[in-house]
Amino acid sequence: MTPQDLFEDAARRPSQVAEHVLEDISPEVLNTMPGGTANSVAWLVWHAARQQDAQVARLAGAEEVWTAEGWSGRFGLDLPDSSMGFGHGPEDVARVRVASPDVLRGYLDAVVERTVAYVHGLTDAQLDDVVDRSWSPPVTRGVRLVSTVDDAAQHLGQAAYVRGLLDDGWSGPY
């Protein structure tokens, strides 16, 4: 197994979790912010995809899937196209509302496919390229890619937890 194959397996896991979290979810549960201030399932899945999309596009020197493939228009959010959730407070989280989980799944899957294709085009040496010297130690391309998948996995775990809080009796396959 190559490093790229290993990364592909990890990168696909958040989409697998999203499949279960979003299956048969009602729009009410999808968009409810627990306590009126916490992140909704919709926001958590959206942010998981947005942060990965933005970071991988920057690494690849490419336009984000969000705008390049028209996802911004499909979501129709009252947020700038550059918004990806970092620093969002409750008012911003409330702006991420979707009528159907299909748009969330579609966007997340499109981002994962772009990420996997990008990684399979890299050599082992390119994974070691330093891409950010503002951290100590400096961040390599491989480490940045792992951090985007780790962030997505954590947010999908949170989405599963929020669905369990709001959707009495739901436990997913876990």
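Which residues line the largest cavity?

## The cavity

In this predicted model, the largest cavity is lined by Asp 53, Val 56, Ala 57, Ala 60 and Arg 114. Helix 3 provides the largest share of that lining, with four residues. The space inside the largest cavity comes to about 30 Å³, and the count of cavities of 30 Å³ or more is one.

In soluble globular proteins, nonpolar side chains tend to be buried together. Here the largest nonpolar core contains 48 residues, and those with the most contacts inside it are Leu 22, Val 41, Trp 46, Phe 75, Leu 104 and Leu 145. Two or more residues of this core are given by each of helix 1 (3-22), helix 2 (27-31), helix 3 (41-60), helix 4 (65-68), helix 5 (71-75), helix 7 (101-120) and helix 9 (141-166).

## Helix 7

Helix 7 consists of 20 residues and reaches 29 Å from its first C-alpha to its last, which is close to the 28 Å expected at 1.5 Å a residue. At the start of helix 7, a side-chain oxygen of Ser 100 comes to within 3.1 Å of the backbone nitrogen of Asp 102.

The buried residues in helix 7 are Pro 101, Val 103, Leu 104, Tyr 107, Leu 108, Ala 110, Val 111, Val 112, Thr 115, Val 116, Tyr 118 and Val 119. The buried residues of helix 7 pack against helix 1, helix 2, helix 3, helix 4, helix 5 and helix 9, and Leu 104, one of the buried residues of helix 7, is also among those with the most contacts inside the largest nonpolar core.

Leaving aside neighbours within four places in sequence, Arg 141 is in contact with Leu 59, Tyr 118, Leu 122, Gln 126, Leu 127, Asp 129 and Val 131.

Ala 153 also lies in helix 9, but its relative accessibility is 38%, so Ala 153 counts as partly exposed. The C-alpha atoms of Ala 153 and Pro 14 are separated by 5.1 Å, although the two residues are 139 residues apart along the chain.

Definitions and conventions: Residues are numbered from 1 along each chain as its sequence is written. This is a predicted model: local features need pLDDT of at least 70, side-chain atom pairs count only at pLDDT 80 or more; totals for chains, interfaces and linings use all residues. Side-chain values use heavy atoms; hydrogens and water are left out. A nonpolar core is a set of buried Ala, Val, Leu, Ile, Met, Phe, Trp, Tyr and Cys residues joined through side-chain atoms within 4.5 Å. Buried means under 20% relative accessible area, exposed over 50%, partly exposed in between (1.4 Å probe, protein chains only). The expected span of a helix is 1.5 Å times one less than its number of residues. Contact means heavy atoms within 4.5 Å. A polar contact is a pair of N or O atoms within 3.5 Å; within protein, one must be able to donate a hydrogen and the other to accept it, and residues adjacent in sequence count only if both atoms are side-chain atoms. On a 1 Å grid over the protein atoms alone, a cavity is a set of points where a 1.4 Å probe fits but cannot get out, and a pocket is an open set with protein on both sides within 12 Å along at least five of seven lines; lining residues have an atom within 4 Å of a point. Grid points are joined across faces, edges and corners, and a volume is the space filled by probe spheres set on the points.
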